[in-house]
Amino acid sequence: MAIKNFLLARLLQAGIVAIVVGALCFVLMRVLPGDAAMRIAAGRYGPDARIADAAEKVRLELGLDRPIAVQFIEWLGSLARFDLGHSLVTGRAVAHELQVQLGASVWLAVAALMLSLLIGPIVGLFGGLRPGGTADRVGLLGAVTFRAIPPFVLGLILMLVFSRQLGWLPPAGFGSPREILLPALTLALGLAAMSSRVTRNAVAAVARAPYFAFARYKGLPEAVVVRRHGLRNAAIPVVSYLGLQAIYLIEGVVVVESLFAYPGIGHALVHAIVERDVPMVQGTALAMGLMFVAIAAIVDLVTLWLDPRMRKIA
Amino acid sequence: MSTVDQTYQRPKRGLGTTRLAGAGLLIFLGGFAIIGPAVIPFDPAAQDFGASLAPIGGDYLLGADHYGRSLLARLAHGARLSFGMAFLTMLAAAIPGVLFGLIAAWRGGWTERGFEFVATIVLALPGLMLVLLLLAFSPGNYGPLFLGLALTLWVEFYRVTKATTKTILSQPHIEAARMLGFGSRYILTHYVVPVITPMISTLAAFAMATAIIAVSTLSAISVGLQPPTPELGSMIVELLPYFAEAPMHVLLPAALIFLLVLALQLLAQGERA
């Protein structure tokens, strides 16, 4: 029951994402200088002498001579059918271009998330087990520092250190795991800076909790206490916090992909904006937005699985 | 780009050492940003090719970039731009956010549902995506950048104000004040404003930090403000090809962004940072 409610909310969010992106791009298409039909015709057939005839055909074919409201409803309708149109620059179907890029971006996001889960919670765990100790202070210093560095600056610094000075990793490109490492690390450090503090507070709270002390008093071995009563309870805030981190992750993917020339959706979105390629802007923004919703939905499900109390509330 | 990750906690009374350090750093950087452009006698756009990539400490105090433009002047103007942009965006987000929050908490019902609906729409997309989509209308201009940032940042002010005000208004001492015949204005200024003010100032510092990061990031990925505007993010990217000859020149604007954001974050949250 609860699962259904959560998923319904996320489905609604996905709908809102589609309408917001669709509406903005529809307006964008109309306010760009020049004739839309002419632009599309030039994109499809290349600018030549018979462009005016071609534009007239495009206008009739796409119904660009009809009232704005009708066009808008149809625009949203084609969005609902996943018909994203053709790029104004390359002339290829947007959906086709997205397929390749989406894979690359998903890999980057997954790699960044996994790396951040390796760094953040472990740093937080050591800090939380002994609050105020050396590990806690070093963790705090690191978290404060990495949170104040914007992702693009962090990316540049990593690039300068690891590919320029040390020559260990390639500064840009795509294809092998070596190339994904630097952009993923950039994002992971920013994510871990936040999640390490959440983990630290969660672990400290659990370690102080009466049920944790009781598990010890009743004679459970330390390893069982930590595994059965510690980890799962401490994981709840960390996982639900991942939902908020999805924002950082998606924004970071856009920035870091552009920085490392990584051929994902974020990179394509920035390019499409510079080139004012509206169908590509729409397709890429939609894909990024839906990726954001998907991450949030997965986080919801994991939270429900971890914390049975949530199933009753929702 | 979002203030959401900094879940709110009530700041401690008075200034802790961390917040004091943040305030001190901020005053120093603010002074550089406000007084700097007025007293530094160099034009941030004036080129002097004889002094291309001049080292730090020579004729130019902090050196010059590849076009021989004074780095000190460019940093000061860049800091003023970042700071000013962040301050204006914060005001443009905080004023409607707090006002709508108060109205929604006070009126409830359909008014509240209306505001909630708008907030849901804004939060459906990550903030930077909304700014990017608005930037697509006219890349490189202040207008959409400012509008997009304010549009994403007001929600946090609205939500905190609404939630807090609602809790306050439902408490017995408010009911008592009402029954004693005190008007809405008295309740607002004596019971609501004192409680929400520290929360709003914390959010304001975060919003400014967020805006500074966003403005520099967007111009670094070349969809925000364009060169030759002395913007810190685009300065880094412009100077990057000359890293081998002048590494410090690249790091200076980066360090300035870092310190600005750090100062705001320390000021906002002190030891919880």
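I looked up burial in chain A of this predicted model: buried residues make up 41% of its 314 residues, where buried requires 20 or more other C-beta atoms, placed from the backbone, within 10 Å of the residue's own. I noted that residues are numbered from 1 along each chain as its sequence is written, with chains lettered from A and ligands numbered from 1 in the order written. Local features need pLDDT of at least 70 and side-chain atom pairs pLDDT 80 or more, whereas totals for chains, interfaces and linings use all residues.

I checked the confidence, pLDDT (the predictor's own, per residue, from 0 to 100). Chain A averages 80, and 89% of its residues score at least 70. Helix H2 (residues 36-45) of chain A is lowest at a mean of 69, and helix H9 (residues 210-217) of chain A highest at 87.

I then listed the secondary structure of chain A: 13 helices and 0 strands, taken as DSSP runs numbered from the N terminus (helices H or I, at least four residues; strands E, at least two).

I examined one helix pair. Helix H5 (residues 94-129) and helix H8 (residues 177-208) of chain A pack at about 35°, their axes 5 Å apart; the axes are lines fitted to C-alpha atoms over the stretch in contact, with angles from 0 to 180 degrees between N-to-C directions.

I turned to the contact between the chains, which takes 37 residues from chain A and 35 residues from chain B, residues being in contact if their C-beta atoms, placed from the backbone, lie within 7 Å. On the side of chain A that touches chain B, H10(A) gives the largest share, 9 residues.

Methods: Contact = placed C-beta atoms within 7 Å. Buried ≥ 20, exposed ≤ 12 C-beta atoms within 10 Å, placed from the backbone.
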